[in-house]
Amino acid sequence: MRMFLFYGTIRQLDNNEAFMSENFTKVFHDTLDKIEKDAKDVGLNLTSICKATEISRATPDRWRKTVPKTIKLIEDMQNIIEEKRKINAEDAIVRARHAK
């Protein structure tokens, strides 16, 4: 069992279960929401956070509309692995039937 830290939130990973049930896009959007809420809680706004991190204020809004390519690529990589896992399982079933 591994643990995964994402913006101060520890998520338990039991094999790939957590990532398959809660994909990067959802975690990414949840994190954006949490950053905005946490900023307000301490008296900051998203504009000041963006300025401090040297990104355009429009960037988080754009990320909400269109997931950044790197996040999408990671999801695609996970999907490829999951598809191969399914194929391997199906192949194992076929081999087991033929072995009888």
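Student: Let me start with a pair in helix α5 (residues 69-99): how many residues apart are R85 and E82?
Tutor: R85 and E82 are three residues apart in helix α5, which means that about one helical turn separates them. Helices here are DSSP runs of H or I with at least four residues, strands are runs of E with at least two, and both are numbered from the N terminus.

Student: Before we go on, what kind of model is this?
Tutor: It is a predicted model, in which local features need pLDDT of at least 70 and side-chain atom pairs count only at pLDDT 80 or more, while totals for chains, interfaces and linings use all residues. Residues are numbered from 1 along each chain as its sequence is written, and side-chain values use heavy atoms, with hydrogens and water left out.

Student: Back to the pair, then. What do R85 and E82 form?
Tutor: They form a salt bridge, with the closest N and O atoms 3.2 Å apart. The term requires a side-chain nitrogen of Lys or Arg within 4 Å of a carboxyl oxygen of Asp or Glu.

Student: Why would residues with that spacing point the same way?
Tutor: An α-helix has 3.6 residues a turn, so residues three or four places apart point the same way.

Student: And are those two side chains buried, partly exposed or exposed?
Tutor: R85 is partly exposed at 40% relative accessibility, and E82 is partly exposed at 21%. Buried means under 20% relative accessible area, exposed means over 50%, and partly exposed lies in between (1.4 Å probe, protein chains only).

Student: Which side chain does K86 meet in a salt bridge?
Tutor: K86 meets E83, at 3.7 Å from N to O. These two are also three residues apart in helix α5, about one helical turn. K86 is partly exposed at 43% relative accessibility, and E83 is partly exposed at 44%. Elsewhere, salt bridges that share partners join D33, E36 and R64 into one network.

Student: How many salt bridges does the count come to?
Tutor: The count is nine. One of them links K37 and D41, at 2.7 Å from N to O. Both residues lie in helix α2 (residues 24-41), four residues apart, or about one turn of the helix. D41 is exposed, with a relative accessible area of 52%.

Student: Let me step back. How many helices and strands are there?
Tutor: There are five helices and two strands, and along the sequence they follow the pattern β-β-α-α-α-α-α.

Student: What span should α5 have, given its residue count?
Tutor: Its 31 residues should span 45 Å at 1.5 Å a residue, and the end C-alpha atoms are 45 Å apart, which agrees. The expected span is 1.5 Å times one less than the number of residues.

Student: Which residues of α5 are buried?
Tutor: They are I71, E75 and Q78. Across the protein, 19% of the 100 residues count as buried.

Student: New topic: how many aromatic pairs are counted?
Tutor: The count is one. F28 and W63 form an edge-to-face pair, 5.6 Å centre to centre with 65° between the planes. F28 lies in helix α2 and W63 in helix α4 (residues 58-65), so the pair ties together parts that are 35 residues apart in sequence. For such a pair, the centres of Phe, Tyr or Trp rings (the six-membered ring for Trp) lie within 6.5 Å; planes under 30 degrees apart count as stacked, over 60 as edge-to-face and the rest as tilted.

Student: What does L46 touch, leaving aside residues up to four places away in sequence?
Tutor: L46 touches I35, E36, R57 and P60, where a contact means heavy atoms within 4.5 Å. L46 is found in helix α3 and is buried, with a relative accessible area of 9%. L46 and P60 are 14 residues apart in sequence and 8.7 Å apart in space, C-alpha to C-alpha.

Student: One last item: where is E54 found?
Tutor: E54 is in the loop between α3 (46-52) and α4. Its phi is near 60°, a positive value in a residue other than glycine. Most residues other than glycine have a negative phi. E54 is exposed, with a relative accessible area of 75%.
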